[in-house]
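Please read it alongside the sequence and the coordinates.

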Amino acid sequence: MTDVKGFCDPRFAAVREALAALLGKDDVGASAAVYLDGEPVADLWGGYADADRSVGWERDTLVGVNSTTKNMVALCALILADRGELDLSAPVAAYWPEFAAAGKENVLVRHVLSHTAGLPDLSGPTAVEELYDWEGVTAGLAAQVPEWEPGTAAGYHALTFGFLLGEIVRRITGRGVGEFFAEEVAEPLGADFHLGISAGHDHRVAPLVPPPSLTDEYVAGAPSGPDGTRRENTGVAIRVRDANSTAWRRARIPAVNGFGNARSIALVQSVLANRGSAGGVRLLSPQGCEPAWQEVFRGEDRVLRTPMAWTMGFGKFGTAFGWGGWGGSLVVSDPGSRMTVAYAMNRMIDRDRQEDNRGMEIVMAAYSGLH
């Protein structure tokens with residue numbers, strides 16, 4: 001069994017055992033955390049921060065968590081809604097007038113949050129570098145025609161989710177969503193999570209390690225459906241080497257380029273599981289949390305090719321909600337038990353080649369501590 005560092009309430013010993021088992025099998029380096037009632041009950045890490053296994057994964061090691069970042073952007077929108085600055089049922093164009101073009105005057109904020117806005121792909125950019133141009137990408141989205149009537153179908157908005165919500169946040173607050181998150185969420189909580197990351201933190205970032213037998217040319221893509229077919233990816237091909245690049249770290253791609261570890265992910269998201277506060281810091285009212293777990297769409301997701309239930313900003317799974325990232329990171333919150341569980345790692349798994357249950361193993365181990 002691999003040595004696991006950190007602390008763990010005895011009730012949650014199964015989480016330590018699960019992480020140790022993963023580090024002994026598929027993982028290079030990883031972290032796992034459980035928050036209950038807005039307080040940590042497990043904060044664990046182990047393994048290595050590099051593929052050569054020469055640098056240890058430390059308490060403050062950070063890693064790119066890809067789409068687990070979406071949970072953070074959704075929280076920013078819910079905070080603004082709770083403050084009365086954002087109406088979730090209002091048209092996006094109420095805040096971003098140019099967005100009404102091309103038949104999008106009836107796209108509502110809640111459609112964006114629930115992946116039902118009809119804008120799952122960026123029609124313009126074809127190269128990763130083009131994603132670094134915020135104004136170019138958002139102007140393109142404002143001009144784009146929806147793929148379906150907004151609200152009638154869902155299709156995972158892999159990259160567009162962050163640009164759409166980020167621009168709404170910017171129009172309301174005058175701040176980029178990364179800046180808003182840092183000032184209104186991370187700093188008050190003392191959470192070491194970053195939307196994009198500055199050079200001063202580079203030494204702490206563990207590069208993503210491609211899946212076994214694949215190289216850093218491994219590309220993010222929509223999963224194949226039950227019949228093995230994929231939805232045509234018309235957007236930008238993002239490779240592991242892109243996600244590990246300095247340019248990616250500095251960019252504003254708020255659907256996917258967040259950096260943190262299990263502790264910071266669980267701390268931030270525990271606010272929603274714990275009725276608006278964590279560690280004695282209140283970010284929103286109890287009522288302001290409810291859109292995170294109230295289902296707004298259920299049905300076949302056109303991009304993921306699987307039945308999905310979406311809330312305002314999160315996937316819904318039974319009584320829990322949350323979302324994971326390309327390669328394996330995951331956060332799940334359960335408002336009934338006021339528990340949030342997070343897992344973040346550097347070794348990616350390609351789900352088309354190998355089942356990846358790592359995050360769920362951590363989640364199920366956490367649930368066992370509740371009984």
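**Cavity, cores and cysteines**

G64, V205, A206, P207, L208, A243, N244, R249 and F259 line the largest cavity. The model is a predicted one.

Cavity
- The structure holds one cavity of 30 Å³ or more.
- The space in the largest cavity comes to about 40 Å³.
- Sorted by class, the residues lining the largest cavity are six nonpolar, two polar and one charged.

- In soluble globular proteins, nonpolar side chains tend to be buried together.
- The largest nonpolar core has 89 residues, and those touching the most other members are L113, F181, L189, L272 and L284.
- Helix α2, which spans residues 70–82, gives the most to this core, with nine residues.
- Another core lies apart from this one; it has 28 residues, including A30, V41, A42 and Y343.
- Beyond its neighbours within four places in sequence, L189 is in contact with L267, V268, V271, A278, V281 and L283.

Cysteines
- The number of disulfides is zero, where a disulfide requires a pair of cysteine sulfur atoms within 2.5 Å.
- For C289, the closest cysteine sulfur is that of C76, and because the two sulfurs are 14 Å apart, they are too far for a bond.
- C289 has 0% relative accessibility and therefore counts as buried.
- C8 also counts as buried, because its relative accessibility is 17% and the cut-off for buried is under 20%.

Terms used
Residues are numbered from 1 along each chain as its sequence is written. This is a predicted model: local features need pLDDT of at least 70, side-chain atom pairs count only at pLDDT 80 or more; totals for chains, interfaces and linings use all residues. Side-chain values use heavy atoms; hydrogens and water are left out. Buried means under 20% relative accessible area, exposed over 50%, partly exposed in between (1.4 Å probe, protein chains only). On a 1 Å grid over the protein atoms alone, a cavity is a set of points where a 1.4 Å probe fits but cannot get out, and a pocket is an open set with protein on both sides within 12 Å along at least five of seven lines; lining residues have an atom within 4 Å of a point. Grid points are joined across faces, edges and corners, and a volume is the space filled by probe spheres set on the points. Ala, Val, Leu, Ile, Met, Phe, Trp, Tyr, Cys and Pro count as nonpolar, Asp, Glu, Lys and Arg as charged, and the others, Gly among them, as polar. A nonpolar core is a set of buried Ala, Val, Leu, Ile, Met, Phe, Trp, Tyr and Cys residues joined through side-chain atoms within 4.5 Å. Helices (H or I, at least four residues) and strands (E, at least two) are DSSP runs, numbered from the N terminus. Contact means heavy atoms within 4.5 Å.
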